Amino acid sequence: MSYPQQGQGQPQQAYQGGYAPAAAPQQAPAAAGSGANMKRRNPLGAWLGLPIITFGIYGLVWFFKVHSELYRYDRRVGDSAMNALLSMLFGFLTFGIWPLVMWVKLGGRIAQAQRAAGLAPSCSGGIGFLLGLIGFGVLYYQIQLNKVVDRYGGTPPQQQVSLVA
């Protein structure tokens, strides 16, 4: 086995037994110490008022916006806003299983946001799932999200806030 000469092709580093390619420079990760504050919503309005006025359409809008805001708040959780919306729109293709999975995962994302805000995580995907079966899931999740928003006091939505964890 022959090794290329140092100085030819890629930069080389000496190691025991020959030369190996130098490690590629690491890109700096996105700042994990800050994120955009979320919007505080009235839990009753998000749960009952706006869905009745919009014939249920606001439920889909709320689901998309919450996922999008959670991603802008803490980019470590990954962006699944479009996946969440598509799972609700086309969930019948999986016999309703995938929307339920996304609903439970939302509870975990909210709990992660609570940790990042320095709060004890009190949101549970299981409780959200059970309450969602009887129609109170949005109410529960919005109350839990408002705990994160309230942590930052009067900071307006989209304003940068610091993350604790």
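## Close-up views of the predicted model

**Figure 1. Surroundings of Asn-37.** Apart from residues up to four places away in sequence, Asn-37 touches Val-149, Tyr-152, Thr-155, Pro-156, Pro-157, Gln-158, Gln-159 and Val-161 (contact: heavy atoms within 4.5 Å). The model is predicted, so local features need pLDDT of at least 70 and side-chain atom pairs count only at pLDDT 80 or more, whereas totals for chains, interfaces and linings use all residues. Residues are numbered from 1 along each chain as its sequence is written, and side-chain values use heavy atoms, with hydrogens and water left out. Asn-37 is found in the loop between β3 (34-36) and α1 (43-53); helices (H or I, at least four residues) and strands (E, at least two) are DSSP runs, numbered from the N terminus. With a relative accessible area of 1%, Asn-37 is buried (buried: under 20% relative accessible area; exposed: over 50%; partly exposed: in between; 1.4 Å probe, protein chains only). A polar atom of the Asn-37 side chain lies 2.9 Å from the backbone oxygen of Thr-155 (polar contact: N or O atoms within 3.5 Å, one able to donate a hydrogen and the other to accept it within protein, with residues adjacent in sequence counted only if both atoms are side-chain atoms).

Figure 2. Rings of Phe, Tyr and Trp (its six-membered ring) pair if their centres lie within 6.5 Å, with planes under 30 degrees apart counted as stacked, over 60 as edge-to-face and the rest as tilted. By this rule the count comes to six aromatic pairs. One of them, between Tyr-73 and Tyr-152, is edge-to-face, at 6.1 Å centre to centre and 65 degrees between the planes. Tyr-73 belongs to helix α2 (residues 57-73) and Tyr-152 to the loop between α6 (137-151) and β4 (160-162), so this pair ties together parts that are 79 residues apart in sequence. Both Tyr-73 and Tyr-152 are buried. Trp-103 and Tyr-141 form a tilted pair, with 5.0 Å between centres and 50 degrees between planes. Because Trp-103 lies in helix α4 (residues 97-116) and Tyr-141 in helix α6, the pair ties together parts that are 38 residues apart in sequence. Trp-103 and Tyr-141 are likewise buried. The charged end of Arg-151 sits over the ring of Tyr-152, 5.1 Å from its centre (criterion: NZ of Lys or CZ of Arg within 6 Å of the ring centre and within 35 degrees of the ring normal).

**Figure 3. Trp-62 in the aromatic cluster and the nonpolar core.** Trp-62, Phe-63, Trp-103, Tyr-140 and Tyr-141 form one aromatic cluster. The largest nonpolar core has 29 residues, and those with the most contacts inside it are Trp-62, Leu-70, Tyr-73, Leu-106 and Tyr-141 (core: buried Ala, Val, Leu, Ile, Met, Phe, Trp, Tyr and Cys residues joined through side-chain atoms within 4.5 Å). Helices α1, α2, α4 and α6 are the elements that give two or more residues to this core. The residues touched by Trp-62, not counting those up to four places away in sequence, include Arg-41, Ala-46, Leu-106 and Leu-145.

Figure 4. Ser-124 caps the N-terminal end of helix α5 (residues 125-133), with a side-chain oxygen 3.2 Å from the backbone nitrogen of Gly-126. Just after α5, Gly-135 takes a positive phi of about 95 degrees. Phe-55, although not a glycine, has a positive phi of about 55 degrees. This residue lies in the loop between α1 and α2 and is exposed, with a relative accessible area of 78%. Phe-95 also has a positive phi, near 60 degrees. In the loop between α3 (81-89) and α4, Phe-95 counts as exposed at 78% relative accessibility.
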